[in-house]
Amino acid sequence: METIRKPAVAGMFYPSSPTVLSNTIDELLNNNFTKEQFSGITGIVAPHAGYVYSGGTAAYAYNTVKDKIIDTVIILSPSHREYFNGLSIYSGDSYSTPLGTVKINKDIREILTQKSKIIYSSVEGHRNEHAVEVQIPFLQTIYNDFTIVPIVLGDQNRKYMFELAERLAEVITDTTLIVASSDLSHFYNKNKAELLDKIVEDKITKFDYNGLQNDLDKGYCEACGGGTIVTLLKLSELINKKKSQVLKRTTSGDITGDYSEVVGYLSAVVFQE
């Protein structure tokens, strides 16, 4: 029997009805895009809050890769509900959403976990994690036939992120996409959030993953999936794709009108210089 990771946040973070979900994503993609074209894209940064809050920001990133020929998507996610030491690739056969089931790329999973002391196959971090799940319906909408490698980061320290980047550099091809799933600061007022989130934006714009990791470590900025961004940038440098651009940055207050406690969101694309 196949082991399928069932939806954990359908009906909460995004619609549980396939029709409503499909229409919602179509609307988000149709209304949130840049006219700029990017070549040699390695990956994107996309937020992972409820679609009503961050779906439009995420759509900016997905629109840059919707015409790209992709057969494998490697989704990098923080762990919000479980702490564990290491990086967990889902050990089952597939992930499902209301839009259908997507198979795990077991070949890449095997290569990444082989001879690694920190990357392993497990259900840890995958049971109820939303940061992987919310990305998949967007991918199912823009691509017809693809596999995924969902990697949840139990620990986002520099050593782990750099090793993951090095391992990913060995397996990605021109038809592989990396999705770095991350939100920004949480529950500060608008002015404080702007100061913190601008630091992350600047570091991405400058392709400064070392600076980003340093600022995250020292608490100068916040991003719950900051390690996913560091990994994407480091990986891209290793394969000589050293250009990154922030596409959109918003907060939950832009939707609710309440700026007393906001969550920050950002989308970006990493591509060939």
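Which residue of β8 does Leu 76 stand opposite? In this predicted model, Leu 76 faces Ile 151 in strand β8, and this contact belongs to a parallel pairing between β3 and β8 (residues 147-153) that runs over seven bridges. Strand β3 also pairs in the parallel sense with strand β9 (residues 176-181), here over five bridges, and within that pairing Val 73 stands opposite Leu 177.

Strand β3 itself, which comprises residues 72-78, is mostly covered, seven of its seven residues being buried. In a regular strand, side chains alternate between the two faces of the sheet. In β3, Thr 72, Ile 74, Leu 76 and Pro 78 point one way, while Val 73, Ile 75 and Ser 77 point the other way, and all of these residues are buried.

Helix α9 (residues 226-238) is likewise described as mostly covered, with eleven of its 13 residues buried. The buried residues are Gly 226, Gly 227, Thr 228, Ile 229, Val 230, Thr 231, Leu 232, Leu 233, Lys 234, Leu 235 and Ser 236. At 1.5 Å a residue, a helix of 13 residues should span 18 Å, and the end C-alpha atoms of α9 are 19 Å apart, which agrees with that expectation. Just after α9, Asn 240 adopts a positive phi of about 65 degrees.

The structure holds ten salt bridges. One of them is formed by Glu 133 with Arg 5, whose closest N and O atoms are 2.4 Å apart; the pair links distant parts of the chain, Glu 133 lying in helix α4 (residues 130-133) and Arg 5 in strand β1 (residues 4-5), 128 residues apart. Both Glu 133 and Arg 5 are buried.

A further salt bridge joins Arg 158 to Asp 217, the closest N and O atoms being 4.0 Å apart. Because Arg 158 lies in helix α6 (residues 158-169) and Asp 217 in helix α8 (residues 209-218), the pair ties together parts that are 59 residues apart in sequence. Arg 158 has a relative accessible area of 25% and is partly exposed.

Glu 201 forms a salt bridge with Arg 249, with 2.6 Å between the closest N and O atoms. This pair, too, links distant parts of the chain, since Glu 201 is in helix α7 (residues 190-205) and Arg 249 in strand β11 (residues 243-251), 48 residues apart. Arg 249 counts as partly exposed at 22% relative accessibility, and salt bridges that share partners join Glu 194, Glu 201 and Arg 249 into one network.

Methods
Residues numbered from 1 in each chain as written. Predicted model: local features only at pLDDT ≥ 70, side-chain atom pairs only at ≥ 80, totals over all residues. Heavy atoms only, no water. Helix = DSSP H or I, 4+ residues; strand = E, 2+ residues; numbered from the N terminus. Expected span 1.5 Å × (residues − 1). Buried < 20%, exposed > 50% of the residue type's maximum accessible area, 1.4 Å probe, protein only. Pairing = 2+ DSSP bridges. Salt bridge = Lys/Arg side-chain N within 4 Å of Asp/Glu carboxyl O.
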